[in-house]
Amino acid sequence: RVPKDDSQCSSGLAILQRAMYGAKDAAMCFDAECERVMIIMGYRVGTYSPCLYFRADDSTRVFRHGDDFAVLGTRAQVKQFGIELSKHLLVKHVATLGPCATRGDSLEVRFLNRNVRWVRPPFGSVVERIEYEPDPRHVEILVANADLATNSRGLSTPGERMRADADTTTKLAAREHSLYRSAVMRLACLA
């Protein structure tokens with residue numbers, strides 16, 4: 001459908017000549033373009049997931065979700081990846097996760113609604129690791145959407161049952177369906 005302010009189209013319908021942001025085919029076209037670019041850069045597309053890429057020359061691995069790329073490699077490989085990718089797409093380097101702040105590493109990064117951090121165990125242990133957890137903002141959004149911050153009461157004892165006269169079968173209004181589905185998926189992400 002043509003936008004209301006477009007006076008050139010009398011029928012109200014038009015055919016898109018290109019993929020438009022927000023349309024299903026735009027995401028598919030972008031995925032296809034990313035795959036094409038990655039192949040040009042020498043990467044092999046994952047057998048079981050088209051979001052994973054591997055380059056045998058230097059063992060660099062890449063994970064892509066939409067327009068977010070995560071590169072597993074040395075600092076030089078990550079830098080080279082950014083240079084090569086910027087020849088084909090607009091690139092914004094957000095952070096390099098790593099242990100050395102003096103070399104420009106970040107100990108914690110937010111990526112795909114997750115907090116990802118480089119952890120050095122205490123007491124001189126040599127085993128370092130990467131941990132990730134869902135972004136705590138999901139909890140804040142759930143509490144706000146359910147109006148729990150202002151419209152809730154505590155229980156006097158854990159395990160206290162609801163009142164017998166409480167109505168537990170109230171159907172959701174049509175406008176609440178989307179909010180409910182969103183809340184369920186946020187809880188699944190947190191779980």
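Predicted model: local features only at pLDDT ≥ 70, side-chain atom pairs only at ≥ 80, totals over all residues.
View 1. Helices (H or I, at least four residues) and strands (E, at least two) are DSSP runs, numbered from the N terminus. Read from that end, the order is α-β-β-β-β-α-β-β-β-α-α. Of the 191 residues, 16% count as buried; buried means under 20% relative accessible area, exposed over 50%, partly exposed in between (1.4 Å probe, protein chains only).

**View 2. Eleven residues form the largest nonpolar core.** The members are Cys34, Val37, Met38, Met41, Tyr43, Tyr53, Val62, Phe69, Phe81, Leu85 and Leu89. Helix H1 (24–40) and helix H2 (75–85) are the elements that give two or more residues, and H1 has the largest share, with three. A core here is a set of buried Ala, Val, Leu, Ile, Met, Phe, Trp, Tyr and Cys residues joined through side-chain atoms within 4.5 Å. Zoom in on Tyr53: leaving aside neighbours within four places in sequence, its contacts (heavy atoms within 4.5 Å) include Met38, Tyr43 and Val62.

**View 3. H2 has a buried side and exposed residues on the other.** Gln77, Val78, Phe81, Glu84 and Leu85 are the buried residues. They cover an arc of only 125° around the axis, so they sit on the same side of H2; the arc is that of the directions from the helix axis to the C-beta atoms. Their packing partners are H1, strand S2 (52–55), strand S3 (60–65) and strand S4 (68–72). Ala76 and Lys79, on the other side of H2, are exposed.

**View 4. Glu84 and Arg55 meet in a salt bridge (3.1 Å, N to O).** The pair links helix H2 to strand S2, 29 residues apart. Both partners are buried, Glu84 at 14% relative accessibility and Arg55 at 7%. A salt bridge is a side-chain nitrogen of Lys or Arg within 4 Å of a carboxyl oxygen of Asp or Glu, and the structure holds 13 of them.

**View 5. Asp135 pairs with Arg110 in another salt bridge.** The closest N and O atoms are 2.4 Å apart. Asp135 lies in the loop between strand S7 (129–134) and H3, and Arg110 in strand S5, so the bridge ties together parts 25 residues apart in sequence. Asp135 is buried at 5%, while Arg110 is partly exposed at 43%. Elsewhere, shared partners join Glu108, Arg117, Arg129, Glu131 and Glu133 into one salt-bridge network.

View 6. Met185 is found in helix H4 (residues 176–190) and is exposed, with a relative accessible area of 55%.

Notes. Residues numbered from 1 in each chain as written. Heavy atoms only, no water.
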